[in-house]
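Morning, everyone. Please have the viewer open. I'll take the two chains in turn, and then the contact.

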Amino acid sequence: MNNSAKKTLKYLSLAVFGMFFFSFALVPLYDVFCEVTGLNGKISQSEEASAYESQIGRDLTVQFVSHNAEQMPWVFKPSERIMKVKTGKYSNATFYVKNNTNKPMTARAIPSVAPSNANEYLKKLECFCFEEQFLNPGEEALLPVRFIFDSDIPDSINNVALSYTIFDITNYDEVEIAHHDMR
Amino acid sequence: MSAVIESHHDDHHHGPAKGIMRWVLTTNHKDIGSLYLWFSFAMFLIGGAMAMVIRAELFQPGMQIVEPAFYNQMLTLHGLIMVFGAVMPAFVGLANWLVPMMIGAPDMALPRLNNLSFWILPFAFGILLSSLFMEGGAPNFGWTFYAPLSTTYAPPSVTFFIFSVHIMGASSIMGSINVIVTIMNMRAPGMDLMKMPLFVWSWLITAYLLIAVMPVLAGAVTMMLMDIHFGTSFFNAAGGGDPVLFQHIFWFFGHPEVYIMILPAFGITSHIIETFARKQLFGYSSMVWAMLSIAILSFVVWAHHMFTVGMPLAAELFFMWATMLIAVPTGVKVFNWVATMFRGSITYETPMLFAIAFVVLFTIGGFSGLMLAITPADFQYHDTYFVVAHFHYVLVPGSVFSIMAAVYYWIPKWTGNMYDERLSRLHFWLSFVGVNVTFFPQHWIGLAGMPRRYPDYALQFADWNMVSTAGAFLFGASQVLFLFIVLKTVLGGKKATPEVWEGARGLEWTVDSPAPYHTFSTPPKVS
């Protein structure tokens, strides 16, 4: 094999490794892309919520949606399904959860917002989705969300849905993950 | 060649070794090309048998023959075997046989790598097929293996599937490295890039696509493996991952992949139409630029496979326009082929019949692709039989017909014998009718709303499904005839001249038929 062939071979092998790592780089890139553009309703947390406070607000309808991920046995539902809020004002909502199994369980809720372009005008000061929830057998709780919408939110948006999907993560720290038990 | 003469030569000039070890140890591009082609033919028949199971089940509404779980396994394996086992290895086999002869090189640049990249393939597919006999059955999540179907809800055999995809990927990557190194470094003196035969050009571009995306596929299945066994959450929302991310990564691989399966077909068709129209190809350089633009555009259109996942309007629009843009270079190619045939002295030997059918039927597949690219319309078509009809039109009378055309066109060069023209025309017409009867009605039942990937369907789809199944069995049976014709040609037949076809262009027609075991040991001069 001559030298130029060796060179081609070297570049091509590098490209193969480069593309393999690129596929993993797509994972953080995807998150960054979603966060910057608000795609997928991914929520970015910011401390600057107070900047959203204002006196001149308008009416906005907020719908709360709850989902149980498959095989998540908890009762999980919003206390109020629909809420009228004013933009520029803090609002509070709660979700009811109950662990109706006979074993202690840990859960995590994953939030989402629709339409996704409402996302950048929403700030959550407090949310049960920021942390894991632990409930003993039969225990119930009211989980709070405290949020505010920026008054700059486009006029075309009159309805915003805040959705939460609750996942069972009780066994998550162990290497043997849930899906082996599912069968 | 007598032993006495052989002893005077160095070992570059001996003939093939004898027995089975010739095929195991071979580093000869022609031997490896034949191995690839036979392997892909075997996979084509196995994947085809699975398609017959699918169509037999769909002959009538209601559950007839197989369990839904087994139906899903057939569906998944049919897709995987046809894509990775039949079409891709067939093109690699053609590249092995033809690229060195077309550019005047004695062999591929990396002959031992060539041997390795072939011989890991049977193991990959052995592993994949063995999963049929495992507890829980073979992979059942469709050839696109979307998470979480392929992670959280997958059968235990998914790990074997992942391993086999890794091996297939390694094989493709090594094969394409070999093709690029050969083309870039071993062209005969005087053969500039813009003088290369179009099949060589199409493979050069295909090989770059493979190198860019097969590692991404390897990354995707590695992430699946880690999610399943090592507790990561790439695609698991509970752990902060996202199943939609899987679709993005998969189609970032998947869309260039579909062009990997069609670009070499473009090259083959150009050669065949040029020969049988007895005219120089119209618009050579525009053909090259069209293939390059298609390849580059293929990296920015992937999300048109996932218009319904909930993307913002801007993204839907971008992917819609980018996808439609691909119709421009593709149209250039189709018009060039038509212009080549225009006022040519056309004769209709079997390779030409397949090539003309390719141009017509691939264009139909392209048009249904344009329909699918329209975002708002796609919400209706998504995951219906319209999609099934679309991609089978571009893959079966597209890629597969071009491979058959290539086999008929070059088999006199490979074996030294002419194929049976009468039988091969019968094969063409049976395949042509079979393909259209199978897949054309699927457009209608798709537009009427029949979803893909179900073993059962609503009563109003019954008639056309019955027609489709009849066509599928006709097409399937005619491939047994193809096998017979190929075997007959290998074993004997009218002797072929070196030129084979009147007016055929290219260096491969300057060597004897059958092509000697070693060709172009001294490079030819290209003016």
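Chain B comes out at 18 helices and zero strands. Helices here are DSSP runs of H or I with at least four residues, strands are E runs of at least two, and both are numbered from the N terminus.

Before I go on, the ground rules. This is a predicted model: local features need pLDDT of at least 70, side-chain atom pairs count only at pLDDT 80 or more, and totals for chains, interfaces and linings use all residues. Residues are numbered from 1 along each chain as its sequence is written, while chains are lettered from A and ligands numbered from 1 in the order in which they are written.

Back to chain B. Along the principal axes, the C-alpha atoms of chain B fill a box of roughly 70 × 55 × 45 Å.

How much of chain B is buried? The share is 54% of the 527 residues. Buried means 20 or more other C-beta atoms within 10 Å of the residue's own; exposed means 12 or fewer; partly exposed is in between, with C-beta atoms placed from the backbone.

Now contacts. Two residues are in contact if their C-beta atoms, placed from the backbone, lie within 7 Å. In chain B, 82% of the contacts with a separation of 6 or more join residues 24 or more positions apart.

Is Val328(B) buried or exposed? Val328(B) is exposed, because 12 other C-beta atoms lie within 10 Å. Ala290(B) is 38 residues away from Val328(B) in sequence, and their C-alpha atoms are 8.4 Å apart.

On to chain A. Here we have two helices and nine strands. From the N terminus, the order is α-β-β-β-β-β-β-β-β-β-α. Of its 183 residues, 27% count as buried. For contacts at least 6 apart in sequence, 72% join residues at least 24 apart.

An automatic or database domain assignment sets the domain bounds. For chain A, that gives domain 1 (1-37) and domain 2 (43-168). Their centres, taken over C-alpha atoms, are 39 Å apart.

Look at the open sheet of four strands in chain A, with order E2-E4-E8-E6 and antiparallel pairing. Strand E2 (75-78) and strand E6 (122-127) of chain A are the edges; each has a single partner strand, so one side of each lacks a neighbour in the sheet. Pairing requires at least two DSSP bridges between two strands.

E2(A) pairs with strand E4 (residues 91-98) of chain A over four bridges. Within that pair, Val75(A) has Lys98(A) as its bridge partner, and Lys77(A) stands opposite Tyr96(A). Eight bridges then join E4(A) to strand E8 (residues 140-149) of chain A. There, Ala93(A) stands opposite Val145(A).

Last, the contact between the chains. What does each chain put in? Chain A gives 31 residues and chain B gives 25. On the chain A side, helix H1 (3-37), strand E5 (105-114) and strand E9 (159-168) each supply at least two residues. H1(A) has the largest share, 15 residues.
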